[in-house]
Amino acid sequence: MNHTKIKTLGELKKAGYVPKSVKQELRDNLIHNLKKKINVFEGIWGYKESVIPDLERAILSKHDINFLGLRGQAKTRMARMMVKLLDEFIPIIEGSEMNDDPLQPISRYGKDTVAEKGDDTPVAWLSRDERYTEKLATPDVSIADLIGDVDPIKAATMKLPYSDERVIHFGLIPRSHRGIFVINELPDLQARIQVALFNILQEGDIQIRGFKVRMPLEIQFVFTANPEDYTNRGSIVTPLKDRIDSQIITHYPKTIEIGRKITEQEADIKPEQQELVTMNDVAIDLIEQIAFEARNSEYVDAKSGVSARLTISALENLMSAAERRALINNEKTYIRVSDFYGVIPSITGKVELVYEGEQEGPGIVAHNLVGKAIRTKFTEFFPDPDKIRKQKANNPYKAITDWFGNENTVDILNDFKGKEYEKALNSIPGLKELVSDLHGHADKDLKTFLMEFALHGLSEYSMLSKHQLTSGLQFKDLLSSMFTMPGPEGDEDEENFQ
């Protein structure tokens, strides 16, 4: 039977409708999904064994919830996905701004309508998406916004005295009755506003301007908050924290693989970019490694966190760096390691620096993070240079470093055409052989990528020197670069980031 065809309270009673609280509704639908092995939180990666079970336990317990975690940890997304656990439609008294249940009205309008029309009370149907309300907590949010206030215009229009409760304009929370109400960044809410939530959470009622308004509100509250006061804001007042039943701690991806799933799912890569640019797994892993390096960096404020948005933006920028070259050269291209310097703008705005980091400057810190990511991933593809030095074993890099030691240099320019890029790399003795010996199974494009990767890795291990040029990079011998003094005016074309 299609219940949405029911149009009156009498028909609703005949259909056997039984009122149900929103928390019971969430609980019942979650129980059904767990039994049927249906995952409501599809696309949330890395939380299967931690956050999602905590959330499911909270819903089963009919708790109000606070997601506590650093930025970019899918807190708001999970709150929004809880909508899927609501019934598809619920009946309300038609015209009720507070979603009154026809059998259990709580507003003056709802009670008066039922008293006047009885079984002929008109019924409307509210979809699950209309039952979700979200408010970003900002310092200017008022009690009137959230709970309500006396509306003088309504009083004048309806010719009612201020003592009549019908002059009240209800705020977002009462109008979210029988739904999910989310407050993002709860600590940003002024303490006096947080205090106003006490009664709503504990007793389910509201108080407005001295009116004795007793409304048993049925609301699933979800809050999000950051654990650290890193923006000079307030905190969650202790009595409010005490009234929030379950506090669920979120976290960043714990592995590169999980980070990749999130980044590839969220990054907005256009079909035309995929036509022009060929990406490889090594490059995507490097993007994720940058975020891991940032979270462990002494220059980055760990209390602030490093959002998953960093890797999403970085992947988009990486593709765009290669796409730009492809458009300039009017040819399809393959991702290059030097393209990673095009992701610097997506890093500098996403990390909060400590004092030492501010002294270095965001640009230098971002370059260092890219370098550290290359250094970390390098030993997954090539022998560890540090071990070769200590063990004095056969050095697979000797032909390369010897060639640079004879005062040879190589420039890798950003806008090199494919043939120019390959020619520059192939001019280095031993480089092609190194990659072929270790990665003979790789295709031609990946081998070329790994050839440049080897140069970057060797520079990070201080076996070569890497310099930033105006329009690309230059690799040279480490010792010769140490003894090369800049001219009296300084060198405008080079800046050494090694």
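1. Basis. The model is predicted, so local features need pLDDT of at least 70 and side-chain atom pairs count only at pLDDT 80 or more, while totals for chains, interfaces and linings use all residues. Residues are numbered from 1 along each chain as its sequence is written, and side-chain values use heavy atoms, with hydrogens and water left out.

2. Overall form. The chain has 23 helices and 15 strands, counted as DSSP runs (helices: H or I, at least four residues; strands: E, at least two). Its radius of gyration is 31 Å, well over the 23 Å that the globule rule gives for 498 residues, so the chain is more spread out than a compact globule. That radius is taken over C-alpha atoms, and the rule is 2.2 Å times the number of residues to the power 0.38. The C-alpha atoms fill a box of roughly 100 × 50 × 45 Å along the principal axes.

3. Cores. A nonpolar core is a set of buried Ala, Val, Leu, Ile, Met, Phe, Trp, Tyr and Cys residues joined through side-chain atoms within 4.5 Å. The largest has 62 residues, and Phe 449 is among those with the most contacts inside it. A second, separate core of 31 residues includes Met 98 and Ile 183.

4. Burial. Of the 498 residues, 49% are buried (under 20% relative accessible area, 1.4 Å probe, protein chains only).

5. Contacts. Among contacts (heavy atoms within 4.5 Å) between residues at least 6 apart in sequence, 76% join residues at least 24 apart.

Note on methods. Buried means under 20% relative accessible area, exposed over 50%, partly exposed in between (1.4 Å probe, protein chains only).
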